[in-house]
Amino acid sequence: MNQDRLQTLVDRISEITPNGRRSLIAISGPPASGKSRLAAQVVDALNHRRKAAVLVPMDGFHLDNTILEARGLLARKGAPETFDGQGFVHAIRRMRDEDDVILPTFDRAADLSIAGAINIGPQDLIAVVEGNYLCFEEPPWSDLADLWDLSIYIDVPEQVLLDRLIKRWVKYGLSPADAEMRARSNDLANAQRISNASGGYDISVTSD
């Protein structure tokens, strides 16, 4: 996102009067849409303005691979049913209402969640949450809609997503052929599902 558009977005977030303890900002979109990058840029810009913002990734709520394997879902990792969706919704409610919340994070290289890694404290007045299913209109994710003070969806053409996903999996050690197979067989299926069932967001943006 160019600097002018980023500053306009940060201006809007800065002016929000939260419905709860802190402002909850959702940045959603398919895999490789640029959610993490945009969320980090927004948090940096807000903190530069002394707005006390914190980044909260959804990926810490991935189910462990042993659970996914037992459920026959390991090959679909990243699909909505491979997350603790109810736990995530509960955590967002706590972030709205409570001063202190401890959250997990995700180690992509190790492919596992790490408990107790993010501390949201009373000093954190804006939480920028990024993840695939923040604007997803299937339960339990649909319960999130009323919790966001502002929701942003990143719309990216499928070919751009595919190119980015292949580069991502090559970076993590797959051959180009295996990276493309993984991207097409799982990630793009998730991307299409997200695109078809996401709605009710406040702003739609495109990724650079």
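1. A residue is called buried when its relative accessible area is under 20%, exposed when this is over 50%, and partly exposed in between, with a 1.4 Å probe and protein chains only. The note concerns a predicted model, in which local features need pLDDT of at least 70, side-chain atom pairs count only at pLDDT 80 or more, and totals for chains, interfaces and linings use all residues. Residues are numbered from 1 along each chain as its sequence is written, and side-chain values use heavy atoms, with hydrogens and water left out.

2. Helix 2. Helices (H or I, at least four residues) and strands (E, at least two) are DSSP runs numbered from the N terminus. The buried residues of helix 2 are Lys35, Leu38, Ala39, Val42, Val43, Ala45 and Leu46. They lie on the same side of helix 2 because they cover an arc of only 165° around the axis, the arc being that of the directions from the helix axis to the C-beta atoms. An α-helix has 3.6 residues a turn, so residues three or four places apart point the same way. On the face turned away from the buried side of helix 2 are the exposed residues Arg37, Asp44 and His48. The buried residues pack against helix 1, strand 1, strand 2 (53–57), strand 5, strand 6 and strand 7, where contact means heavy atoms within 4.5 Å. After helix 2 comes Arg50, with a positive phi near 65°.

3. Helix 1. The end C-alpha atoms of this helix of 12 residues are 16 Å apart, which agrees with the 16 Å that it should span at 1.5 Å a residue; the expected span is 1.5 Å times one less than the number of residues. Leu6, Leu9, Val10, Ile13 and Ser14 are the buried residues of helix 1. Their arc around the axis is only 135°, which puts them on the same side of helix 1. Asp4 and Thr8 are exposed on the face turned away from that side. At the start of helix 1, a side-chain oxygen of Asn2 comes within 3.2 Å of the backbone nitrogen of Asp4.

4. Nonpolar cores. A nonpolar core is a set of buried Ala, Val, Leu, Ile, Met, Phe, Trp, Tyr and Cys residues joined through side-chain atoms within 4.5 Å. The largest has 33 residues, of which Leu9, Leu38, Val42 and Val128 touch the most other members. Helix 2 gives the largest share of this core, 6 residues. A second, separate core has 28 residues, including Met58, Phe88, Val101 and Leu144.

5. Arg21. This residue is in the loop between helix 1 and strand 1. Its relative accessible area of 27% makes Arg21 partly exposed. Arg21 and Pro122 are 101 residues apart along the chain, yet their C-alpha atoms are separated by 8.5 Å. The side chain of Arg21 reaches the backbone oxygen of Pro122 at 2.8 Å, and a polar contact of 2.3 Å joins the side chains of Arg21 and Asp99. A polar contact is a pair of N or O atoms within 3.5 Å; within protein, one must be able to donate a hydrogen and the other to accept it, and residues adjacent in sequence count only if both atoms are side-chain atoms.

6. Strands 3 and 4. Strand 3 (residues 101–107) and strand 4 (residues 112–120) run antiparallel and are joined by 6 bridges; pairing requires at least two bridges found by DSSP. Asp107 stands opposite Leu112 in strand 4. The hairpin has 4 residues between the strands, and Asp111 has a positive phi near 60° there.
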